Structure formats: C-alpha cells, structure tokens
Amino acid sequence: MQTKSGLRPRHAGWYAGALLLVLALLGLVLYGTGVIGSGGDDDSVDRACGGTLAQGGLSAALHSSRLSAEDVDDGDYLAACRVRTEGSGAQRGSLEMKLRWSTSKAPDSTLVWYDANYNGVRDQTAPLGHGWSGVVRHESGTYQVMVALDCVNQRNKALVAYGDLLGAANSTTLTGLGQVTTETAREAAEKHGCQVETGRRVTGLSPDTIGRPDAAEPLRQADGSCAALRDTEAERNGTPDILEYPADTDTPQVNCYLVTKAGKAGYGLYAYYGASAKDFLAGEEAALKAATGPYSERDYAWATATCPRSAQPAVFALYHLYDEDTDSYPVPHYSASFARSALTAFAAHEAKQRGCGSVRMASQP
C-alpha cells in the first residue's frame, strides 16, 4: 500500500508534463496556421481608417490573417488606410481603403478611372448588387469596389468609399473586398452622424461579375443595361451585338457596350448618378483638356437629367470607342445622328427607371 501510494506523485507529475507538452505543440500548430499569435499587428488594424475599417471579410480579401495596417496621410479624404499581408515583394497582398464626402473635392482619375471610357471596354463596371449603391470594376491589375451612401439626414451629401485590391483575385477575395468596403462605409457613416440606407451582406462576387470583353451577345437579346437599344439602328451602324450588365436601379453607374461582328466594342454608353456623376464630370473635364493623339478629337454625345435624392444632375454619355490593340476605331465612321438617337433611347430608359425628369441633350460637357 505504501509503495502504491508513493507512486501517485510520480504519475501525477508525468501526466502534468505530458499535458504541458501537448499544449505547447497545439500552440505551435495554431501559431503556424495563423489562428493565434499570427505575427500581424491587430492594434494597427483596429486603428486603421480612424477605427472604422471593418474586419469582417478582411482575411478573405487578402488570403491571410497575418495583417498589419497603416493610415495614408492624404488630406483630401475623410480617412485613408492600407492593409498588407506579411512578406514582401510580389507575394505581399495589399488592400487600400479611402473614404470621402461627396461634397469634398472629387478624386483624381487614378482612383476612379472615368477618363478611360473612350478606350475600348476599359473601366468595365458592374453593379455591386445586394441592395447597395455601389459598383465593382477592374483596371490594370486592380479590382475596386465603390459605394456611395446618401445621408438621409443631410441633403445632397453622401459618404463615398473606395476599396482597392491589388493583384490577382478570385471569388473569395472579391467577395471579401465587397464585404470590407460596404461595412467600412456603414461604420464610417455611423461614426460621423450620416444616417444611411444600406444593403445586404455581399456574397458571390467574382471576376465574372464584371464580365469579359469576349462575352458579347446579340442586341435583340438585351434585357439588362442595354435593353433600351433593342429598337435602335445599332446593327445597321456596324454594332449588332452588346456587352451588358444586370439592370439595377441602386447602382451609381451603368455601362452598356455596342459591339461589332469582330467582337470589338464600337460605342460605349454610360449613366452616372449622384456622387458618381460629380466624380465623372471632374475626371472627364481634366481628360478632355489633356487628351492627345487619337483621343484629342474623339466623338461623343452627352445628356443630363434631374433625379431624386441628389442635387447633382445625372449624366448620360455615349463615346465612339478606340481600340488600343488594333490602334484603330472598330466602327470607322462615327455617325452623329445614330449617336444622338442611341443616347436618347438609353438616357430616356434610365431616367424612367430612376424617376428622373426629362432628359436634356447636349453635344459636349
């Protein structure tokens, strides 16, 4: 009996040592997988963008939980920050968030890309959907989600958020970007006393959401953003096909492309509302002044309409598109009469869907 009782302390010590060893090994596994002790700077992420950066979807957007953040010193924005993954070089992911009021100075073209409208199907833009006033777009290796949330308690003012994801993307990362951008916009609006109507949690975004230049369909099948052009003379003017996006009366930007038989976009039609209309006008004015080469005398038509919820008139535009791949215009001869009739149909349809007033045509901004 004494011998057995004397062994109990040894067994207890052995079990305790084994337990500590198991816990240590578990800690190493969790550390290695990034669940705990990931090496990221949690405090910097918490403080980013004035403490409004939403973290739901952040790990998905960057494919990592090892993150650090820094604020970007830019006085033009309400807040601006950058989140990076660990590592360096091409393997290091980056997400940038910028917030501004629609009443402030419009951002430059490097952020919103509106000055590329005349250049083929660049600046392809699709509705964000899910009840959000937002879009998702892609240009030169950067995916962007932009949302503009009207302040219902402050007329003619909106909080605008731009979320940029640098590098390759897939459904998981784009959905994460959509979640981070929308939730950050919501939190920033609440922090600054801007009461907003928001959409649902973003799901199911992918590169295919934006569309592909080679995914054109016959004009007669149009039922989305190009639906108003079914009864126009588009086919007789060399563009029998269309590249369109889902109809969405919440989106602040609408794109429709008329495509040639060779699969090249010959005309682009665009609609801009609220903060997007203001940003577009500012960016396009600068582009027109700076344009050179094939863009210096490009052909276009414009129209405007007064719409509810914003003092900024909506802008509708048609551009004769230039193709950099072939260094030519897919539709060689621009028809001003066709451009006017196509834009009239497109703008009238858009205005009716949004409850806007009558459309006023103009030949230039």
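The model is predicted, with local features needing pLDDT of at least 70 and side-chain atom pairs counting only at pLDDT 80 or more, while totals for chains, interfaces and linings use all residues. Residues are numbered from 1 along each chain as its sequence is written, and side-chain values use heavy atoms, leaving out hydrogens and water.

Helix α5 covers residues 171-191; helices (H or I, at least four residues) and strands (E, at least two) are DSSP runs, numbered from the N terminus. The end C-alpha atoms of α5 are 30 Å apart, which agrees with the 30 Å that its 21 residues should span at 1.5 Å a residue, since the expected span is 1.5 Å times one less than the number of residues. Of these 21 residues, 15 are buried, where buried means under 20% relative accessible area with a 1.4 Å probe, counting protein chains only. After the helix comes Gly-193, with a positive phi near 75°.

Within α5 lies Thr-184, which counts as buried because its relative accessibility is 0%. Leaving aside neighbours within four places in sequence, Thr-184 is in contact (heavy atoms within 4.5 Å) with Thr-52, Leu-53, Ala-54, Met-97 and Leu-99.

Elsewhere, seven strands form an open sheet with antiparallel pairing, in the order β8-β9-β10-β11-β13-β12-β14; two strands pair if DSSP finds at least two bridges between them. Its edge strands, β8 (217-218) and β14 (360-362), each pair on one side only. Strands β11 (residues 265-272) and β13 (residues 314-320) run antiparallel and are joined by six bridges, and Gly-268 has Tyr-319 in β13 as its bridge partner.

How values were computed
Buried means under 20% relative accessible area, exposed over 50%, partly exposed in between (1.4 Å probe, protein chains only).
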